[in-house]
Amino acid sequence: MATRARRTEYPLLPLRGVFVFPTTIVPLEVGRSISVSAVEEAVAGNGLLMLATQRELTKDNPGPEDIHDFGTLAQIKQITRMSAGNIRVIVEGRTRARITKHLDVGTHLRVLVEEIPEPTEPLQEKDALMRALVQQYEEYIRASKKVPPEALVSIATSDEPGKLADSIALHVAARLEDKQKVLEAVSIRERLERVMDILGREMELLELEKRLNARVRKQIEKTQKEYYLREQMKAIQKELGERDDKAAEGEELRAKVAAAGLPQEIAERVLREVERLEKMPPMAAEAVVVRNYLEWIVSLPWNVQTQDCMDLFRAERILDEDHYGLDKAKERITEYLAVRQLVQKIRGPILCLVGPPGVGKTSLGKSVARALDRKFVRISLGGVRDEAEVRGHRRTYVGALPGRIIQGMRTAGSKNPVFLMDEIDKLSSDFRGDPASALLEVLDPEQNSTFSDHYLEVPFDLSSVMFITTANSVYGIPRPLLDRMEVIQIPGYTEEEKLGIGMQFLVPKQLREHGLKPGQLQFTRDGIAHIIRYYTREAGVRNLERELAGICRKTARDIVKGQRKRVRVTAKRAGEILGVPRYRHAQTESQSSVGIVMGIAVTDTGGDVMPVEVAITKGKGSLLLTGKLGEVMRESAQAGISYIRSRASALGLAEDFYEKLDIHIHVPEGAIPKDGPSAGITMATAVVSALCGLKGRHEVAMTGEITLRGRVLPVGGIKEKVLAAHRAGIATVIIPEDNRRDIEEIPAEVRAQVNIVLVEHMDRVLMVALEPGPDPQPGPEDLPLAEVPAGHGLVAQVTPAART
């Protein structure tokens, strides 16, 4: 049974990282003022003071909430005053105690303590628990080597289980929280079990530490062994007069630097890196980085270039062999060669080939390289959104590499290749930087002679490189980048050009790829024309090549099966093989109609005809626009309506016609978005046709922007639009007068078959595009304005001769 606890007032000495158990003697260093004052009060009294551990060891002035309630009541055995006001105290724990109340003294801490005497209840498993604890402690001492063996002697002779548990807990290097739990355990059984748990955990940690130490020791021994063997190898090589691998690597790199022909400043910097590499351990991480850097430096073509072929006739022949048409691009290449013959040093041109898909922009770059006898490198910029793709990463990053420009130069192996950058209009940007801005230095002739890659960190000369970029549209290219390039427009092919390409290039290519001989499969011009008209709708020839490949596959199957030995593809046979036609060849109306006028527009595949329909109904003057029209196109329609209202008298319309009529303008193929100002005169003409009851000529198509005063402004894509009109069977095309300069770009065979009418004003457009109405009887001067017949105005006064 436990005796009755006593409550007494004692000074409190807070401990930091130290524990004192009952019956144990512990030396303490006291330096804080509150601690020194508490010790002095205890010495002046009966020598007793309360010892309790702080919860937060870093606090110099702990409060009641910072100190554990459980502690040890101790007796001061000896006190020694030291320098700087510190005191060395030897204390002996007497009994466990609990703080019941904190008293405010001022100079130190004083508490009301409840002493907890050692319990005297009988313990049946006492001997077994004590023996197991002592045995476990012996194993701990042997494994730890931190506790002196003498501690085991003093503990093994103890026959009191509580004292045994306290002594072992004092010497074990356990956590402070675990020792506090042992101190708070009043029950002997609970105290013994907690100490055994602590020893079990410590044994596991010691075992893990032992394995780790063995692993580290083994690694150190291996490293020392390797170092010893290397030193021996060096000594042996020195005696034999041989070089070691590190010295051999350094000499090899120096030889490569000398052979690379680096500029002097760059060579000096690279040699310093070689010296750094020689001083590093071979397996060091930094050595791998430096070695890769040096390999990149010496592998670049600093002073290696190919000799340009100056034969203009040969270059023209190669370009003509590989591509049909593309006269402007071919002319620019021959101009460069001509200037190159006259000037020894010339900067490489920076060309931008702009055109719809499938017209041969990328393959033209290969032909240019072949014509000049230069190396060819191609990179695709579509979807690139990281600036490091162009300039590379800094060497500080793991796995850093140079950018695509330097990688391409290394692949080329010469400093003057033809460098093709595909899809430059599809660059993107995000938080990692803007690659288009990084290309400004690459594509600027004034700067690219000292191009700096983040990985190399030395200037590299790109001035001899012929850069060729490709794009489908200039609108996706940033303005500063576009300003640095010479833009060459590559328009879509005419039907005649597609026929020529198909007969001269695509058919022989597909026959070779499918293992067919010319005698086994023969294409007629009518057959290829039928495929172009009814199975493709594109500016280039990719789909045409696919259709030709499909015919070759089917023919190869029939020949292998023995069903046919020879196939001749005519228009009829092409239709049988390819099935139902996918497109209509001519989209123009078969006859003239009121309220329908043909327009022409530029699309992603080149050009196309675009009929505009207008319906007039009674209403309140609303304007309805349908066909998925963009904002610019809607404003053009409104401008056209305003022009018609201003010319109502001349057109024979009532002044207030717009108040009683609703106008509905529709552009067919409503699922396709449409925008731009070039349909302005088309929509205005269609509205006049519907209001005046005059038929729009079905063989006439037009394009041009309209102003409020009826002026016709120039538009783009004239060649593509005229070619589209020609394909659709249009006989007359109306274009703005200011686009006269663009007529020269239209092929001569198309100009010979299409009548091109240049106009400056909307009045002239109406004269050409609308059929005249009946001659009015009587004249308009004899009738009120509202009774003037529709069609009597300026349109009716035009004779057919005036329209041509």
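Biologist: In which direction do strand β9 (residues 418–422) and β12 run, and how many bridges join them?

Modeller: The model is predicted, so local features need pLDDT of at least 70 and side-chain atom pairs 80 or more, while totals for chains, interfaces and linings use all residues. Residues are numbered from 1 along each chain as its sequence is written, and side-chain values use heavy atoms, without hydrogens and water. In β12, M466 is the bridge partner of V418. The strands β9 and β12 run parallel, and the number of bridges joining them is 4.

Biologist: Which residue of β12 is the bridge partner of V354?

Modeller: Strand β7 (residues 350–354) runs parallel to β12, to which 5 bridges join it; strands pair if DSSP finds at least two bridges between them. In β12, the partner of V354 is A471.

Biologist: How far does helix α21 (residues 631–646) reach from its first C-alpha to its last?

Modeller: Helix α21 has 16 residues, and its buried residues include M633, A637, G640 and I644. At 1.5 Å a residue, the expected span of α21 is 22 Å. The reach of α21 is close to that, at 23 Å.

Notes. Helices (H or I, at least four residues) and strands (E, at least two) are DSSP runs, numbered from the N terminus. The expected span of a helix is 1.5 Å times one less than its number of residues. Buried means under 20% relative accessible area, exposed over 50%, partly exposed in between (1.4 Å probe, protein chains only).
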